[in-house]
Amino acid sequence: MPTKAHLDAKLATVISKPDPEPHIVVQTELCLACEERPCTIVCPANLYWWTGDQMVHNCEGCLECGSCRAVCPHGAITWRYPRWGYGVRYRWG
Amino acid sequence: MTGHVHDCIVVGAGPAGAAAALQLARDGLDVVIIERGKRPGEKNVMSGVLVTRKLHDLVPDFRQRAPLQRCITEEIFCILGQNEVLRLPSLRNYRRLSYEHQAFTVFRSEFDAWFAQEAVNAGAELIPATLVEDLIWENGRVAGVRTRRGDLRARVVIGADGVNSTVAEKSGLRSPPQPAEVSLIVRQVLDLPAEQIEERFALQPGEGVILQFSGLVSGPTGVTKAYYTELYTNRDSLSLTAEIWLDALQECGVPAYEVLAARERHPYIARLIQGTKLREYQAHLIPWGGVGDLSRLYGDGVLLAGDAGKFTTEEGVGSWTAMASGTAAARTVKYACEKGDFSKTTLAAYLDFLDEEGLIETQREARQAWQRDNWRWRILTQYPDRLFSIARRYFDEWMVEEAEHPYSPWGELYHSVIKPVAPWYVRWPLGLAAWIDTRRWRRE
């Protein structure tokens with residue numbers, strides 16, 4: 001299924017300016033004990049992925065929905081809004 | 001910033017915040033709106049339609065001035081199967097074009113900016129591109145907000161900062177949203193020339209339709225869940241959304257972006273959106289089920305409005321409720337200013353003002369609908385197969401080889417749809433009717 005490539009094309013339509021002070025901080029040691037890893041499923045921008053032995057995440061391209069924070073069963077994700085002027089800017093929200 | 005104490009700080013310039021600021025400014029109070037976007041609306045995603053019920057009271061001539069897309073004349077509800085779609089009867093009502101309370105498709109980036117400007121024109125001060133990071137506490141009550149650009153003090157803070165509300169969490173009124181109480185909306189805005197939209201959906205300029213699709217998703221975990229897809233007509237674009245509860249998404253294990261992508265590939269939706277070009281991809285959370293404990297809507301020196309106070313109806317509509325709760329919050333602040341007291345006891349008047357707006361009722365209804373394990377979702381998961389098998393017999397009978405059917409069509413409708421949910425006093429007479437009908441049908 002070519003959806004991952006499609007997703008990249010979709011994400012390319014979003015204007016966003018990453019906050020130099022990362023707005024998502026993950027305590028990855030807690031992810032080692034996590035079995036479900038729901039963040040890898042729910043993130044609509046696919047910013048979380050499991051490499052097989054560790055959790056990797058990316059703050060760039062975040063759509064600021066907050067799903068990852070809501071689903072994290074171990075409270076490992078510290079998520080806040082990007083500071084003033086940073087983050088996503090929807091032109092057609 | 002200075003040591004000046006404002007009457008009120010409104011956090012968030014969405015529909016709730018702007019309505020609150022507009023009302024406060026009109027009442028002559030000193031009000032500041034803090035917005036994290038550079039322009040109001042640029043952090044927001046419209047996942048439904050704007051119901052103008054409250055906007056009509058606040059800005060009576062909004063039709064001439066607000067940036068609206070299309071007025072909704074019909075909502076079409078469809079059930080999606082693998083390769084079929086069952087369109088339920090719906091009403092296209094052209095009188096809606098002249099109703100007092102209408103529904104419009106809008107872009108929040110345009111609409112919120114306009115609505116916040118209305119508040120500014122009325123005398124409110126807007127501070128954009130500023131993130132509220134914390135609250136200032138004084139003698140056990142909220143006395144202002146902290147931002148990277150300095151502190152700002154006020155007698156009351158209205159938290160209208162959306163579903164992931166900083167004010168609600170920092171004031172201890174609400175905890176972060178749980179997966180079972182929010183749904184995730186993934187949305188795509190698709191370019192299509194206005195003439196083509198009008199041709200495709202049989203519309204005139206300014207008229208619009210909504211198509212709602214319920215369908216199923218089953219993932220690698222083997223769990224099947226129901227979710228909604230909606231298609232809205234804007235002036236020269238369509239928006240396609242997929243809405244799924246976070247806990248459902250988690251259980252079925254299908255990535256969020258795939259849930260929407262699967263709908264784009266559905267034969268019916270693919271035909272409706274063919275020839276479009278993607279303009280923007282978006283995501284947002286919608287709160288469901290109300291706050292439950294209504295005393296969680298206010299605290300010492302703080303009020304919650306809009307999505308921050310989970311003001312959505314049982315259908316998940318949040319536009320008019322946001323504006324109405326913002327107005328109620330503004331009236332509470334005015335009342336507290338007149339009284340000169342900003343404690344929780346005085347701000348409890350918020351509940352009376354909410355009641356006048358009809359929002360206590362919507363909070364209760366939303367809670368009840370959410371608590372009763374949502375039979376709507378059960379129906380959507382269990383019934384499509386049965387409905388399709390009935391529909392095929394009616395609409396497709398000359399194409400399909402007739403299988404052995406134990407019941408007459410009415411009997412089948414009774415056994416598959418009515419019997420599992422109806423109480424005994426409905427079941428009994430309809431069951432008898434179905435039995436008689438089936439006997440007659442077998443004899444034929």
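In this predicted model, the axes of helix H15 (residues 384-395) and helix H16 (residues 409-418) of chain B come within 10 Å and cross at roughly 170°. Because the crossing angle is over 145 degrees, H15(B) is roughly antiparallel to H16(B). The points below begin with this pair of helices and then turn to other parts of the two chains.

**The pair H15 and H16 of chain B**

- Two packed helices are described by the angle between their axes and the distance between the axes.
- H15(B) contributes B:Arg386, B:Ile390, B:Arg393 and B:Tyr394 to the contact, while H16(B) contributes B:Pro409, B:Glu412, B:Leu413, B:Ser416 and B:Val417.
- By residue type, this contact consists of five nonpolar, one polar and three charged residues.

**Two helices of chain B and their covering**

- Helix H1 (residues 15-26) of chain B has twelve residues and spans 16 Å from its first C-alpha to its last, close to the 16 Å expected at 1.5 Å a residue.
- H1(B) is mostly covered, with eleven of its twelve residues buried; among them are B:Pro15, B:Gly17, B:Leu22, B:Gln23 and B:Leu24.
- The buried residues of H1(B) pack against strand E1 (5-11), strand E2 (31-34), helix H2 (55-58), helix H4 (108-122), strand E10 (150-159) and H10 of chain B.
- Just after H1(B), B:Gly28 adopts a positive phi of about 80°.
- Helix H17 (residues 424-443) of chain B has 20 residues and reaches 28 Å from its first C-alpha to its last, close to the 28 Å expected at 1.5 Å a residue.
- H17(B) is hardly covered, and two of its 20 residues are buried.

**B:Ala328 in helix H10 of chain B**

- B:Ala328 is located in helix H10 (residues 319-339) of chain B.
- Since 31 other C-beta atoms lie within 10 Å of B:Ala328, this residue is buried; the cut-off for a buried residue is 20 or more.
- Apart from its neighbours within four places in sequence, B:Ala328 is in contact with B:Tyr350, B:Phe353, B:Leu354, B:Glu357 and B:Leu359.
- B:Asp341 is 13 residues from B:Ala328 along the chain, and 17 Å separate the C-alpha atoms of the two residues.

**Positive phi in residues other than glycine**

- A:Asn46 is not a glycine, yet has a positive phi of about 55°.
- The position of A:Asn46 is in the loop between H3 and strand E3 (48-50) of chain A, and A:Asn46 counts as buried because it has 20 C-beta neighbours inside 10 Å.
- B:Lys310, also a residue other than glycine, has a positive phi near 55°.
- B:Lys310 occupies the loop between strand E17 (302-304) and H10 of chain B, and its 30 C-beta neighbours inside 10 Å make B:Lys310 buried.

**Domains of chain B**

- Chain B is divided into domain 1 (5-69 + 106-174 + 292-371), domain 2 (180-287) and domain 3 (376-443).
- The centres of domain 1 and domain 3 of chain B, taken over C-alpha atoms, are separated by 48 Å.

**The contact between chains A and B**

- In the contact between the two chains, 31 residues of chain A meet 42 residues of chain B.
- On the chain A side, helix H1 (3-11), helix H3 (39-42), helix H4 (67-71) and strand E6 (87-89) each give two or more residues.
- The largest share of that side, five residues, comes from H1(A).
- The chain A side comprises 17 nonpolar, eight polar and six charged residues.

Notes
Residues numbered from 1 in each chain as written. Chains lettered and ligands numbered in written order. Predicted model: local features only at pLDDT ≥ 70, side-chain atom pairs only at ≥ 80, totals over all residues. Contact = placed C-beta atoms within 7 Å. Helix = DSSP H or I, 4+ residues; strand = E, 2+ residues; numbered from the N terminus. Nonpolar A, V, L, I, M, F, W, Y, C, P; charged D, E, K, R; others polar. Expected span 1.5 Å × (residues − 1). Axes fitted to C-alpha atoms, helices over the stretch in contact; angles between N-to-C directions. Parallel < 35°, antiparallel > 145°, perpendicular 65-115°, else oblique. Domains from an automatic or database assignment.
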